[in-house]
Amino acid sequence: MNGFVGSIRARLRSPNATAYAVMLIAALVYPEIVQFVTGGNGDALVGLAADAGIFVLLAIGLNVVVGFAGLLDLGYAAFFAIGAYTYAIIASDELATAPIHHAVHIPFWIAMFVGLFVAAGFGALLGAPTLRLRGDYLAIVTLGFGEIVPRVFRNLNVWTGGVFGVSAIDPPTVPRWLDGPWAGDPFGIQQDLQLTSANLTGFYIVIVVVIIGVVILVNNLERSRLGRAWMAVREDETAAAATGVNTVNIKLLAFAIGASTSGFAGAFYGAKLSVVNSDQFSFIISITVLSMVVLGGMGNIPGAMIGGLVLYFILYKFLPDAPNQVASLVQSIGLGWLNNTNPNGWPGLGEEVNRLKYIIFGLIIVGIMLYRPQGLLPSRARRQELTSEEVPGIGAPRELQS
Amino acid sequence: MADTILTVTGLTKRFGGLVAVDNVSFDVNVGEVFALIGPNGAGKTTLFNCVTGFFAPSLGTVIFDGNDITGRKPHQTVKAGIARTFQNIRLFDYMTVLDNVRLGFHSRMRSQVWDSLFKTPFERHEEAEITERAMELLRFVGLERRRDDQARNLAYGQQRRLEIARAMATQPKLLLLDEPAAGFTPQEKVDLMNLVHQILSKDITVFLIEHDMRVVMGISQKIVVLDHGEKIAEGGPAEVRANPRVIEAYLGKSA
């Protein structure tokens with residue numbers, strides 16, 4: 001008994017294990033708590049969490065590229081778009097109006113993997129000529145790719161529906177579904193349940209399961225010869241090559257794996273929203289996901305996940321709700337006059353907060369980065385890189401060695 | 001005649017108008033310690049870089065173990081069986097001592113992406129095996145107790161030894177050491193010479209650049225002297241030491 005408790009204690013001392021445990025438990029109880037608190041009207045909040053899950057998936061994938069292999073990718077949303085459009089085209093009536101005049105409806109579970117492979121293929125295609133570039137140059141090329149892809153989708157009218165995009169995309173179908181009191185129904189098994197906007201809990205469960213699977217696989221990668229080679233390339237490309245690492249191939253692999261995760265997320269996104277158009281994959285998405293990785297802790301999987309959750313919450317829940325919350329707060333403490341407009345140009349406190357929300361967002365980000373430059377939950381190596389002056393090594397400093 | 005493992009013929013490397021290595025030829029025999037010496041800026045490290053694929057030679061050929069490896073990429077020369085260390089140590093500072101050595105096995109491992117993704121039994125077995133062999137190498141250089149420390153926390157001499165262990169993990173036939181004794185105390189130099197002898201006993205040929213004459217004369221069978229990119233002398237230690245052009249290159253012309 002003691003040994004068992006001891007081993008749990010030892011594990012809890014590792015911040016990563018703790019983070020995984022907390023996230024898993026939170027993911028399991030979140031829908032129940034939300035439904036309980038809102039008295040069964042929490043579907044919107046559960047759906048919001050499913051959307052957050054998409055960004056968590058994106059952050060995990062980008063973390064492989066930026067955090068593990070050290071390749072700055074500013075066009076990550078391109079692969080997200082490729083995954084979403086791939087699913088949209090092969091799982092809707094879109095192709096009926098395309099030159100082949102025949103709609104294709106591939107089931108979600110297969111199409112999701114098609115999205116994954118197509119995105120990985122484009123990752124390799126983009127990476128092959130460009131990964132010889134280092135640092136800033138690579139960032140600029142990926143930036144270009146991120147701009148080109150949505151524009152191609154917008155202008156390829158016959159195949160992608162142009163500016164309107166693709167709509168009425170097939171929802172995923174689950175072969176068996178367990179009903180129960182948690183959704184306000186009696187116990188029972190449904191067959192071939194379609195997941196639609198009326199069943200956001202279904203999407204939530206699917207994304208949680210997908211994230212768990214991806215986390216396990218990416219963890220395996222990190223603790224393999226590939227993970228070591230990525231870390232080596234990130235630290236010193238020349239030394240890695242001298243140690244037998246084919247640096248171009250290994251970077252290409254990081255790129256393709258990052259792209260495939262993004263493609264996976266894109267397919268899910270298309271299925272959940274049921275509509276895909278090129279405006280959804282702008283530069284701001286690439287930057288948001290990059291911020292999630294940096295803010296959470298580059299190179300650390302649970303760090304990137306936490307970064308994804310925190311930033312998503314701030315961007316899509318905290319800031320949109322802030323004006324009303326602030327307005328009702330001042331009302332309740334007797335300062336309601338602040339909410340009234342005033343002929344001198346004061347728009348009311350709620351509206352003022354609404355206008356300032358991106359300044360607030362910027363301040364939050366700057367604040368976190370000042371307070372924790374290594375990220376919320378950094379990898380061990382990164383933590384030490386950033387604090388190395390405080391923990392001097394025994395060896396002579398580099399500049400004295402040569 | 002002994003078997004040659006490395007044949008460099010007419011090797012020339014130009015950087016714009018500068019000729020860093022000028023028409024240098026030599027043979028390295030299997031099982032010997034071969035030394036490349038010369039004043040600073042003579043082109044020794046450039047020659048190393050040409051042999052290991054970091055630079056493509058402007059002219060000339062490099063034959064290793066019967067194959068023409070001229071202009072191959074670094075990871076290809078490693079695969080062919082050439083390992084190297086660097087003049088200014090290049091370890092992966094934030095990786096552990098053990099991981100530095102395990103990375104050395106990278107080019108010899110056969111696990112594919114799928115093996116890594118799904119932790120197949122093959123991958124687990126291979127990881128366990130190279131971990132075991134990496135520990136052997138750490139014992140060989142006397143660093144087994146530091147396995148979980150980050151490489152940057154090692155003392156300077158230990159870092160040099162770790163770099164040698166990492167190079168040996170690539171299972172080379174030829175090991176290129178770029179100034180392995182630089183900055184060493186006399187005792188550390190003796191230890192290094194012993195280590196080189198032990199490396200030789202593992203059927204690895206050693207090709208080194210070194211400034212310390214006592215080390216060079218003490219362990220090498222054959223020495224090539226470079227000055228301003230040109231080969232000015234070649235032969236055994238005694239021969240090279242007596243060569244007037246070598247003395248001139250190191251000490252300058254007598255008035």
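Which domains does the domain assignment give for chain B? Let me start there, everyone, and please keep in mind that this is a predicted model.

The assignment gives chain B two entries: domain 1, made of 1-81 + 172-255, and domain 2, covering 90-170. If you take the C-alpha centres of these two domains of chain B, they lie 27 Å apart. Where they touch, domain 1 of chain B brings ten residues and domain 2 of chain B brings eight. On the domain 1 side of that contact, at least two residues each come from helix 2 (74-80) and helix 7 (186-200) of chain B. Helix 2 of chain B gives the most to that side, with three residues. And if you like to think in residue classes, the domain 1 side has six nonpolar, two polar and two charged residues.

Let me step back to chain B as a whole. Chain B has ten helices and ten strands. Along the principal axes, its C-alpha atoms fill a box of roughly 70 × 40 × 40 Å. What about the radius of gyration of chain B? For 255 residues, a compact globule would come out near 18 Å, and the 19 Å of chain B agrees with that.

Now over to chain A. Here the secondary structure comes to 17 helices and six strands.

As a reminder, two packed helices are described by the angle between their axes and the distance between the axes.

From helix 4 of chain A you will find Ala77(A), Ala78(A), Ala81(A), Ile82(A) and Tyr85(A), meeting Phe145(A), Gly146(A), Val149(A), Pro150(A) and Phe153(A) of helix 7 of chain A. By class, that is nine nonpolar residues, one polar and no charged.

The next pair is helix 2 (residues 15-37) and helix 14 (residues 301-332) of chain A. Their axes come within 9 Å and cross at roughly 45 degrees, which makes helix 2 of chain A oblique to helix 14 of chain A. The crossing of this pair is left-handed. Helix 2 of chain A makes the contact through Asn16(A), Ala19(A), Tyr20(A) and Met23(A), while helix 14 of chain A uses Pro302(A), Met305(A) and Ile306(A). The classes here are six nonpolar, one polar and no charged residues.

Last stop: where the chains meet. How many residues does the contact take from each chain? It takes 30 from chain A and 37 from chain B. On the chain A side, helix 9 (200-222), helix 10 (225-235), helix 11 (237-242) and helix 16 (380-386) are the elements giving two or more residues. Helix 10 of chain A has the largest share, seven residues. By class, the chain A side has 14 nonpolar, eleven polar and five charged residues.

Technical notes. Residues numbered from 1 in each chain as written. Chains lettered and ligands numbered in written order. Predicted model: local features only at pLDDT ≥ 70, side-chain atom pairs only at ≥ 80, totals over all residues. Domains from an automatic or database assignment. Contact = placed C-beta atoms within 7 Å. Helix = DSSP H or I, 4+ residues; strand = E, 2+ residues; numbered from the N terminus. Nonpolar A, V, L, I, M, F, W, Y, C, P; charged D, E, K, R; others polar. Axes fitted to C-alpha atoms, helices over the stretch in contact; angles between N-to-C directions. Parallel < 35°, antiparallel > 145°, perpendicular 65-115°, else oblique. Left-handed = near helix turned anticlockwise from the far one by under 90°. Rg over C-alpha atoms; globule rule 2.2 N^0.38 Å.
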